[in-house]
Amino acid sequence: MMAAIGEFDPLNTSVPATKIEVTVSCRNLLDVDTFSKSDPVVVLYVQAIGTKEWREFGRTEVIENTLSPDFVRKFVLDFFFEEKQNLRFDAYNVDSRSSNISKHDFLGQTFCTLGEIIGSPGGHLEKTLSGIPGKKCGVIIFMAEELSNCRDIATMQLCANKLDKKDFFGKSDPFLVFYRSNEDGTFTICHKTEVVKNTLNPVWQPFTIPVRALCNGDFDRTVKVDVFDWDRDGSHDFIGEFTTSYRELSRGQNQFTVYEVLHPKKKGKKKKYINSGTVTLLSFKVESEYTFVDFIRGGTQLNFTVAIDFTASNGNPAQPTSLHYMSPYQMNAYAMALKAVGEIIQDYDSDKLFPAYGFGAKLPPDGKISHAFPLSGDSDNVNCVGIEGVLESYFESLRTVQLYGPTNFAPVISQVARSAAEITDGSQYFVLLMITDGVISDMVQTREAVVNAASLPMSIIIVGVGPAEFDAMEELDGDEVRVSSRGRLAERDIVQFVPFRDYIDRSGNQVLSMARLAKDVLAEIPEQLLSFMKSRGIEPRPAVTSSPLPQLHRHI
C-alpha cells in the first residue's frame with residue numbers, strides 16, 4: 001500500500017530521525033481527456049545526494065475522472081533533519097495500462113524539500129504545478145505528519161441499512177470513505193472501501209488498516225466516515241456521514257455498534273428528516289504488527305541460493321561480446337549482480353554457505369543437459385563458502401561446461417522449494433537469486449513452480465542481463481496481477497524482477513549503481529517474509545542477544 005524506503009547512500013548513512021507520512025491532493029488539474037475528465041496519478045522522485053539524479057520513489061493510486069483528486073496512498077519518507085532532501089512531484093493523466101510513466105500525459109510538476117513541507121504551518125504546503133508553457137496546471141497540496149511508532153493493525157467489517165436511494169434507475173452503489181482529523185481541524189483521507197453495486201443494504205468486505213493511519217496514536221481523535229453513491233463519471237453522490245473515534249470503534253470487539261448516517265443539508269431543511277440510513281460495525285479486531293527486524297532479531301536466518309544462466313544465447317565466454325566474458329579489468333554483469341545482492345543478504349545468513357546452481361548447460365564428461373547443476377561440481381555438496389566462493393565456482397564452471405539451452409527456470413525453483421518445504425517454522429527464509437539473459441522456455445512449468453513456492457518461506461529475485469525484451473518476467477513479478485497456474489492463484493507475491501541495464505551508471509560510478517540495484521531487488525523481501533509469517537500465524541522469537549544485529553538501516 002505504501003511506498004516506504006528512504007533515500008539510500010551506501011557510503012554515508014545515518015539513522016533516520018523519524019518517518020514522515022506525506023498525503024497528496026491536487027486542485028484544478030489540466031483536463032486532457034476529450035470525453036471525460038483526467039485520470040490523475042502523482043509520481044514522487046527523490047534526488048540522490050551524491051549524483052543529483054532523480055529516482056522514482058513511488059506513485060499514488062490512479063483516481064479516475066477527476067481534476068481535484070485526494071489520493072489515499074501515502075508516501076512514507078525517512079526524514080533526516082541535517083540533510084536537504086529534494087523532492088519532485090510529477091502529475092500525469094493515465095490513459096493506458098502501461099507502467100512506463102512516459103507513455104502517459106504530463107500534467108505538470110513541482111519541486112520542494114521534505115523540510116519545506118514539515119516546516120510549513122500545520123505541516124500543510126500548497127504549491128503551483130508548472131511545466132506546460134502557457135497553461136495553468138493547477139495546484140498540489142501536501143500534508144505532512146510524523147508517524148507515531150504504533151504498530152497495531154485493525155481489521156473491521158461494516159454493513160449499512162436503508163441508505164437513501166440516489167440513482168434514478170435501480171438502487172444506489174454505496175461505498176465508504178474514512179478520514180482522520182488533523183490538529184488544525186481539517187481531515188485527511190485514510191481508507192476507501194470497495195463499491196457494492198445496486199443495493200441500499202450493502203455488506204462491505206472486511207479490511208485492515210494500520211491504527212496509526214486512523215488516529216496516529218491518539219485514540220480519541222475524530223474519525224469521519226462519508227457514505228457515497230458511486231457514479232461512473234466520477235461525480236459520486238453524497239448520501240451522508242457519521243463520526244466516531246478509534247476508541248469507539250474498538251468497542252466493536254465485543255458488541256455491534258450502529259451509527260446514524262446524516263446528511264447535514266437535509267437535516268437542516270426537512271422537519272421530518274430522521275437519517276439517511278444506518279451503518280453497523282459488524283466486527284473489529286486489533287493485532288500487533290511485527291516487523292522484519294523483529295524476526296531477524298529473533299533469529300530467523302535468510303538462506304541465499306544463486307542460479308546462473310548458462311545458455312548459449314549468452315555468447316561464447318571467450319569472446320568480449322559475451323555476457324559471461326571474464327575481462328581482467330571489469331566484472332561482467334552476472335558477477336556484478338551476484339555480488340551486489342549477495343553482499344547484503346549474507347549479513348543475515350550466519351553460516352555464509354550458499355548453494356549455487358547453473359542451468360541450461362551440457363556437462364562433462366558425457367554432454368548431459370542440466371537445468372540445476374551445482375557450480376561446485378559436487379552434487380553431494382552444493383554449498384560455496386561466502387560470495388567470493390560463489391564467484392570462484394561460477395568462473396570455474398565457465399571453463400568446464402558447454403553453454404547450451406533451453407532456458408528452463410522450473411527445475412531450480414523446485415529444487416529450492418524442496419529445501420524450503422522442510423523448514424516452515426519461521427526459523428529459515430529462503431531467497432533465490434536467478435540471473436538470466438533471456439526469455440523463459442518453460443513458462444507453464446515456471447508459473448506452476450512459482451505458485452507452489454508462494455506457500456513456502458521463499459522469495460525469488462530475477463535479474464535480467466543483456467539487451468533482451470523481458471516482458472514475460474513482468475508476468476512473474478506479481479505486483480500488478482498475481483501469478484496463476486491451472487486456475488490456482490499464488491498465495492503471495494514472491495517474485496521481484498529487475499533489468500540490469502536500468503542500473504548501469506553512465507558516469508561509471510559502479511558502487512552507487514550496484515547499491516541501487518541491491519536496494520531495489522531487496523526492497524520487497526521484508527514484506528514478503530512478513531506476509532509468509534503472518535499467513536502461518538508465526539510470531540518472532542524473543543530477541544537473540546548474543547549476536548550483534550547487522551546495520552539494517554544501511555542495507556534495507
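The entries below go from the whole chain down to single elements.

**Ground rules.** I am working with a predicted model, in which local features need pLDDT of at least 70 and side-chain atom pairs count only at pLDDT 80 or more, while totals for chains, interfaces and linings use all residues. Residues are numbered from 1 along each chain as its sequence is written, and side-chain values use heavy atoms, with hydrogens and water left out.

**Whole chain.** I found 13 helices and 28 strands in the protein chain, both being DSSP runs numbered from the N terminus (helices H or I, at least four residues; strands E, at least two). The radius of gyration, taken over C-alpha atoms, is 26 Å, close to the 24 Å that the globule rule gives for 556 residues, so the chain is as compact as a globular protein of that length; the rule is 2.2 Å times the number of residues to the power 0.38. Buried residues (under 20% relative accessible area, 1.4 Å probe, protein chains only) make up 53% of the 556 residues.

**Cores.** I next looked up the nonpolar cores, meaning sets of buried Ala, Val, Leu, Ile, Met, Phe, Trp, Tyr and Cys residues joined through side-chain atoms within 4.5 Å. The largest has 54 residues, of which F304, F310, I461, V463, F500 and L522 touch the most other members. Helix 6 (residues 333-345) gives this core its largest share, 10 residues. A second, separate core of 33 residues includes F430, A449, V450 and V451. Leaving aside residues up to four places away in sequence, I noted that V463 is in contact (heavy atoms within 4.5 Å) with residues including A337, L433, I435, F497, F500 and V521.

**Helix 12.** In helix 12 (residues 525-535) I listed I525, P526, Q528, L529, L530, F532 and M533 as buried. The buried residues of helix 12 pack against several elements, among them helix 5 (292-297), strand 17 (301-309), strand 25 (458-464) and helix 11 (510-522). Just after helix 12, G537 takes a positive phi of about 65°.

I traced an open sheet of 4 strands in the order 3-2-5-6, with antiparallel pairing, where two strands pair if DSSP finds at least two bridges between them. Its edge strands, strand 3 (54-59) and strand 6 (105-113), each pair on one side only. Strand 2 (residues 40-47) is joined to strand 3 by 5 bridges, and Q47 stands opposite W54 in strand 3.

Methods
Buried means under 20% relative accessible area, exposed over 50%, partly exposed in between (1.4 Å probe, protein chains only).
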